[in-house]
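Please keep the sequence and the model in view while reading.

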Amino acid sequence: RISNAFGSITSNDATLTVGTAPSIATHPASMNVAVGSNVTLTVQAAGTAPLSYQWLRGGVVLNGLTAQNLTLNELTTNEAGTYSVRVSSPFGTITSNAGILTVGYAPVVQTQPTDRNGTVGANTTFVVNVNGTAPLSYQWQKQMANGSYNDIIGATDSNYTITGVQLADSRAYRLRISNAFGNITSNDATLTVG
């Protein structure tokens, strides 16, 4: 209310709304995802509603991507990068930490190992050709009498050579390949020793 010698006047009402600024409880996580896969990036935010969201890649606004969760379908390597989200309300704005989305190729066996005949005392080699985003890890496995497979200690290359084969080596062998984007197991290859 304002007054002077010539009169008084009262202003319109003004409402004070008290709230809390946005805060982020869970930031977008870093992930390794295979090409062609789908992925959802999430954020958990708190604060007085309404909250609005704006996703960014490499700090650049992604137009139209304003949901709380960001789903990317059929990923390509072009979508790799750092993703963050800006959360806003009438009481402030905050930007999440960035999660790193790495997109690569899961292992694919191009050439399967083939069955082999070995002579006692000779050497034989199983060969596998694999594609996929490096680094690739290899683990050869040998089939046991009960049908299960055991890892062969030290057999961690794409090819596997058995030196001085013995009759007990007459088994099925396979290679397990893995990287940050997935894993795959080759077909079995049987070694027959005579």
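The model is predicted: local features need pLDDT of at least 70 and side-chain atom pairs count only at pLDDT 80 or more, whereas totals for chains, interfaces and linings use all residues. Residues are numbered from 1 along each chain as its sequence is written, and side-chain values use heavy atoms, with hydrogens and water left out.

As to secondary structure, the chain has 22 strands and zero helices. The C-alpha trace spans about 120 × 30 × 20 Å along its principal axes. Its radius of gyration is 30 Å, whereas a compact globule of 194 residues would have a value near 16 Å; the radius is taken over C-alpha atoms, and the globule rule is 2.2 Å times the number of residues to the power 0.38.

Of the 194 residues, 30% are buried, where buried means under 20% relative accessible area, exposed over 50%, and partly exposed in between (1.4 Å probe, protein chains only). Among contacts with a separation of 6 or more, 60% join residues 24 or more positions apart; a contact requires heavy atoms within 4.5 Å.

How many salt bridges does the structure hold? There is one salt bridge, defined as a side-chain nitrogen of Lys or Arg within 4 Å of a carboxyl oxygen of Asp or Glu. K142 pairs with D169, and their closest N and O atoms are 3.6 Å apart. K142 belongs to strand β17 (residues 137–143), while D169 lies 27 residues away in the loop between β19 (160–162) and β20 (172–179), so that the pair links distant parts of the chain. Both partners are buried, K142 with a relative accessible area of 19% and D169 with 16%.

T82 is partly exposed, at 34% relative accessible area. Beyond its neighbours within four places in sequence, T82 contacts L56, R57, G58, A98, G99 and I100. G58 is 24 residues from T82 along the chain, yet their C-alpha atoms are separated by 5.2 Å.

How values were computed: Helices (H or I, at least four residues) and strands (E, at least two) are DSSP runs, numbered from the N terminus.
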